[in-house]
Amino acid sequence: MRLTFGDEVEAFRREFQAWLAENRPSAEEMAAEPAVASAHLPGWARAWARRMFDAGWLVPGWPPELGGRHAGPVEVLAYLEELTRAGVPRTTNPQGLGIVAPSILDYGSEEQIHDYAMPVLRGERSACLGMSEPGAGSDLASLSTRAVVDGDSFVINGQKVWTSGAAYADFCFLFCRTDPQAPKHKGISVVLVDMATPGITVRPLAQIARPEHPDLTEVFLSDVVVPRSNLVGRMNDGWAMANGSLAHERGMVWLSGVMMLEQEVAGLRQTAPAALARLAPADRVVVADGLVQSCIDAAAARCLGYRGFAKLVRGGSAPEQALMKAFTSEAGQRLALRSAELGADRTVDIGPTPDSPVTGIERYFGSFGGTISAGSSEIQRNIIAEKVLGLPR
Amino acid sequence: MDLELSEDEAALRDNVRSVLASICPPAAVRAVYEGKGDPAAVWARMVELDWPGLAVPEQHGGLGMGYVAVALVAEELGRAVVPGPLLATATQFVPLVRELGAESALAGDLLARVAAGELTGTVALAEGGRWEPDAVAANARETADGWALAGTKVAVLDGAGADEVLVVARAPGTAGAEGLGVFAVPRADLAATARTVVDPTLPLADVALDGLVVPAGRVLAAPGAAGVAEALDRAGQEATVALALGTVGACRVVFERTLEYAKVREQYGKPIGSFQALKHRLADMYLAVERATSLGYYAALTIAEDDPQRAVAASMAKAAAGECQRLVAHDGLQLHGGIGVTWENDLHFPVKRAISGDALYGNAVHHRARLARMLGFLPSEKHDGDDPEVVA
């Protein structure tokens, strides 16, 4: 065990810091045209993706032709730390960069890679991920959106829900049922669907936090015709990709959970003393204890994540990584509520107010995105119990 | 930050675990609990293996191992619920002697005798349930015959059994970090009252100091000498993190036994571990154990590398270990059903070890309160001998 990584990693970190300082989008241009949904690519985001791709900083672990530089896992970790520290988003289309493009690279045809994956990497096109349905949430394999082969085409009918960024995405990585007779995991395929295809209706689903900027949508598909060549991988083999997608997603996702928590704790440590000073002395002691527990959560999340990461880097297994999603999202939720409560009566305010330095209740509502999406905390506990602890189903 | 054990560290941990399984099997723990066993036998084997000198610098005949190694041993001691003087000697007594200047003849002699397996030791720090050196009220007055001590120390680990007790006291009229001193007192000279503790593998005693006169040759650090507060802080962190990891080690055993029990105990025709209510609780126990282990390793590293974060990290580790104990000891007992609360089941040994380990050197609440001050959420306290009040 040691507190720092080796000199080579630190040299890599400094190289990226220097490049980042020269090439990052400015705070002003990001503020002038904010990304309002997960597949929204403002002009600065397109240019930023292209600069990172060309310089080999988009996915450092990949080869240069895919926007990388053959970096090792510890270097990638340092890279992600520096991006977060600088307050620069790696992408405004996380599903596209993190899940859709890698899945097409793994399973897609040359043509699909050329037309869909590479444009996503270069910031030219954005992608959404069509997974959940009204009747298929945690039990995704029960999805019923149908794709029927008709000559050289698929005809697709059905409905997706909780689809992030569909109102802005250029195309959808759509999971649909292609064999209704087969057992539920064995009749699913993935089809690439251009969002401009006739028959697609996107209805934004405003949430209780930030209703003015809906990210989640419902997607209705009515006799949507797409070329049969848009099938990704083999027919009825889509479930492997659902698992593969989540593996891509989980590779380093723990780190963003950790860093988000640490940033919020850092913010809290700035604002808390002034807010605490307004409380009655006895209230202050109780509230401060909650803040301390959030600080411990953040430190623990970092230590737990880095410990698992170190095991993986050494080629071992790291079962404790399965704990990270539920732990970081729930810790973030506790922190959001404590942060709002710091303002005592300020929990009635939607967001920060000029005379209150703390966040309002809005961030707490927003935190449910973390504990519900991509496998709810309850599903995470089932996974930990069954897959890690070996408890019977 | 690399928080995984290196090959050497893992080999040390495995070696210690297998030795402890042989010299301190569950039957030996039960014998101590039932007043039939003698921890001296375990200690004698440790002496043969040179374990007492684990943390003693090589120049004094010890193994001179770094703090990560010490912490890993402490975790294993908790895991196997090991009785005997190693914990107090290696994680409390030795660090404080070493920090106070191993150059002095007294310190060098104490360390050499520990390394030779001839001496066990402990530290008498806490008073009235408070563990921070600032809160020490026991005082030491210089007289013609030596230093006259007054006051009462509580919850001294091995306080009725260790050969030497390091007593922390301050010059009259001083407060806070000023005026602190440390005296090496043979236990035979002290009036120690053994407490009736729940875990006889962590025996505690209260020590009355009134009437004790310590000769000049037994002063490890005279009251007011430079660096005493810093030495107490550093040694206290070593003791705290060792207890944190020992507590986590005991919790891990409770968790592992409970998990195993949930897989084999059947009701309604299936293992109780197939019920979701229990699955989720076991997942939460697992998180609590891994969370506290990770913070414990991190704290051990900050001590080993003398990182400025070590005070915060040590308190976080101890708080997390205490929180882990509250969940895991409770759910371990609850999920075992009736069998877990029977004396004949071994589960209560690690449960009691974890509860006791949480209490020593400040429980979770104490360390969270310390953190509230260190992190700037609450102002520092005044120490005037009365109940502390938050300074507005």
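Asp50(B) counts as partly exposed, because 15 C-beta neighbours lie inside 10 Å, a count that falls between the 20 or more of a buried residue and the 12 or fewer of an exposed one. This residue sits in the loop between α3 (39–48) and α4 (67–79) of chain B, and its phi is positive, about 65 degrees, although Asp50(B) is not a glycine. Please keep in mind that this is a predicted model. The model scores ipTM 0.94 and pTM 0.92.

- You will find Ala374(A) in the loop between α12 (368–372) and α13 (377–388) of chain A.
- Ala374(A) is partly exposed, because 18 other C-beta atoms lie within 10 Å and a buried residue would need 20 or more.

**Confidence in chain B**

- The average pLDDT of chain B is 94, and 97% of its residues score at least 70.
- Residues 383–392 of chain B are where to be careful, as the pLDDT there is below 50. Beyond near neighbours in sequence, this stretch has 16 contacts in the model.
- Where pLDDT is low, the predicted coordinates should not be read in detail.

**Chain B as a whole**

- Chain B contains eleven helices and twelve strands.
- Its radius of gyration is 21 Å, which agrees with the value near 21 Å for a compact globule of 392 residues.
- The C-alpha trace of chain B spans about 80 × 55 × 40 Å along its principal axes.
- Of the 392 residues in chain B, 55% count as buried.
- Taking contacts in chain B between residues at least 6 apart in sequence, 74% join residues at least 24 apart.

**A sheet in chain B**

- Three strands of chain B make up an open sheet in the order β4-β8-β7, with antiparallel pairing.
- β4 (152–157) and β7 (191–194) of chain B stand at the edges with a single partner strand each, so one side of each has no neighbour in the sheet.
- Neighbouring strands in this sheet are turned against each other by 25 degrees on average, direction ignored.
- β7(B) pairs with β8 (residues 204–208) of chain B in the antiparallel sense, over four bridges. Across from Ala194(B) you will find Ala205(B) in β8(B).

**Chain A as a whole**

- Chain A has 13 helices and eight strands.
- A compact globule of 393 residues would have a radius of gyration near 21 Å, and the 22 Å of chain A agrees with that.
- Along its principal axes, the C-alpha trace of chain A spans about 75 × 50 × 45 Å.
- In chain A, 42% of the 393 residues count as buried.
- For contacts in chain A with a separation of 6 or more, residues 24 or more positions apart account for 67%.

**Where the two chains meet**

- The contact takes 41 residues from chain B and 39 residues from chain A.
- On the chain B side, the elements that give two or more residues are α7 (228–264), α8 (276–304), α9 (310–336) and α11 (364–374).
- α8(B) provides the largest share of that side, with 13 residues.
- By class, the side of chain B that touches chain A has 25 nonpolar, six polar and ten charged residues.

Key: Residues numbered from 1 in each chain as written. Chains lettered and ligands numbered in written order. Predicted model: local features only at pLDDT ≥ 70, side-chain atom pairs only at ≥ 80, totals over all residues. pLDDT = per-residue confidence, 0-100. Contact = placed C-beta atoms within 7 Å. Nonpolar A, V, L, I, M, F, W, Y, C, P; charged D, E, K, R; others polar. Rg over C-alpha atoms; globule rule 2.2 N^0.38 Å. Pairing = 2+ DSSP bridges. Axes fitted to C-alpha atoms, helices over the stretch in contact; angles between N-to-C directions.
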